[in-house]
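Please have the sequence and the model at hand while reading.

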Amino acid sequence: MMRVPIEPRTEQQRIRIWATIDEVVGAHITINGTAYNKYQWEQIFTGLVRHQQMVENPNEKGSLIVLSCREKELTKDEASIMISLMEVFCAENGVKLHDRR
């Protein structure tokens, strides 16, 4: 059986992902009143792309931990999906993105 190689995300996608995350952080967007740093936003967005599992936080009753991956582990297709999800999220939350195409 011949396997088709999976293309990793591109450098251009990496730049766009992190620029968008920086703009989300800079816009002080919160989820249910909680602010997150850029690495937490990375986990939130990659969790959306990979449909990652959430588990209860053993140290804080009632909170959840997303079991996710780093953006550098995304495939080219997953990175495209993540960028699209991020753009929709930003539009819905009033985050103005600067054109980086």
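This is a predicted model: local features need pLDDT of at least 70, side-chain atom pairs count only at pLDDT 80 or more; totals for chains, interfaces and linings use all residues.

Together with Leu48 and Leu85, Ile81 makes a nonpolar surface patch of about 250 Å².

## Packing of H2 against H3

Ile81 also takes part in the contacts between two helices: Trp41, Glu42, Phe45, Thr46, Leu48, Val49 and Arg50 in H2 meet a set of H3 residues made up of Glu78, Ile81, Met82, Leu85, Met86 and Phe89. The axes of H2 and H3 come within 9 Å and cross at roughly 115 degrees, and the crossing of H2 past H3 is right-handed.

## Packing of H1 against H2

Helix H1 (residues 11-26) and helix H2 (residues 38-50) have axes that come within 9 Å, with a crossing angle of roughly 115 degrees, and H1 passes H2 in a right-handed manner. On the H1 side the contacts involve Trp18, Ile21, Asp22, Val24 and Val25, which meet Lys38, Tyr39, Trp41, Glu42 and Phe45 of H2.

## The chain as a whole

Three helices and four strands are found in the chain, and from the N terminus on they follow the order α-β-β-α-β-β-α. The C-alpha atoms fill a box of roughly 45 × 35 × 20 Å along the principal axes.

Of the 101 residues, 30% count as buried, while the chain exposes about 7200 Å², of which carbon and sulfur atoms supply 53%. Among contacts between residues at least 6 apart in sequence, 60% join residues at least 24 apart.

Methods. Residues are numbered from 1 along each chain as its sequence is written. Side-chain values use heavy atoms; hydrogens and water are left out. Patches are made of residues with over 30% relative accessible area and no salt bridge: like charges are joined within 9 Å, nonpolar side chains (Val, Leu, Ile, Met, Phe, Trp, Tyr) within 5 Å. Accessible areas come from the Shrake-Rupley method with a 1.4 Å probe; for residues, only the protein chains shown count as cover. A salt bridge is a side-chain nitrogen of Lys or Arg within 4 Å of a carboxyl oxygen of Asp or Glu. Axes are lines fitted to C-alpha atoms, for helices over the stretch in contact, and angles run from 0 to 180 degrees between N-to-C directions. A crossing is left-handed if the near helix is turned anticlockwise from the far one by less than a right angle, and right-handed if clockwise. Contact means heavy atoms within 4.5 Å. Buried means under 20% relative accessible area, exposed over 50%, partly exposed in between (1.4 Å probe, protein chains only).
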